[in-house]
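Visitor: Could you walk me through the charged pairs in this one? I'd like to go residue by residue.

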Amino acid sequence: MKPTTRRTLAAVVAGAAAAVGAAVTPAAAAGAIPVPVPLGGAETALGMELPEVAGELPVPTAGAPEGPRYVEGRLLPERTLPQVPVHGGLPGVDLRQPVPHVLGEDFDHAGLDAPASGLRTLTPGLSLDAPLTAPDPGALGLPSPKLPEAGVLAPALRTAPVADLGVGPGL
């Protein structure tokens with residue numbers, strides 16, 4: 001392959017990578033990706049008003065786990081398998097539905113707005129201790145046997161979802 005061909009190929013690959021990186025970065029920075037549901041063609045074909053639907057899909061990001069902590073008297077660290085924080089969100093939805101004047105003439109649309117809400121989680125972790133004690137100077141520096149210890153660090157989930165439901169004319 002000629003050097004000019006290699007340079008051209010490298011420029012094309014670099015340009016494609018920059019374009020993909022530019023397309024991905026705003027979505028990841030936003031925290032949620034909008035997902036419209038196009039129903040305009042079906043509305044025209046059927047000759048009637050259909051619901052308007054749009055959604056949001058969250059982009060989960062993993063955080064840095066808290067490192068193991070060494071405790072005096074234990075051979076293994078306190079958190080052998082640390083918990084990993086994951087930040088993301090619950091999916092959101094925006095729905096506008098026509099209703100046939102169920103509640104009177106002024107109420108012909110119902111709307112539901114449930115935006116993507118933040119979600120913070122911690123994965124399960126594990127805490128273990130060896131079946132030996134720390135070296136004992138009274139026993140010539142040898143450890144003594146003991147019962148092994150194992151503990152599961154429970155996962156955590158924190159969120160506060162919200163939703164607005166409304167009825168009115170032409171929402």
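**Salt bridges, pair by pair**

Guide: Let's start with arginine 69, which counts as partly exposed at 40% relative accessibility (buried is under 20% relative accessible area, exposed over 50%, partly exposed in between, with a 1.4 Å probe and protein chains only). A quick note: this is a predicted model, where local features need pLDDT of at least 70, side-chain atom pairs count only at pLDDT 80 or more, and totals for chains, interfaces and linings use all residues. Residues are numbered from 1 along each chain as its sequence is written, and side-chain values use heavy atoms, leaving out hydrogens and water.

Visitor: Which residue does arginine 69 meet in a salt bridge?

Guide: A salt bridge here is a side-chain nitrogen of Lys or Arg within 4 Å of a carboxyl oxygen of Asp or Glu. For arginine 69, the N to O distance is 2.7 Å, and the partner is glutamate 78.

Visitor: Is aspartate 129 buried or exposed?

Guide: Aspartate 129 forms a salt bridge with lysine 146, with the closest N and O atoms 2.6 Å apart. The relative accessible area of aspartate 129 is 5%, so this residue is buried.

Visitor: Which residues are joined with Lys146 into one network?

Guide: Lysine 146 also meets glutamate 149 in a salt bridge, at 3.8 Å from N to O. Salt bridges that share partners link Lys146 into one network with Asp129 and Glu149.
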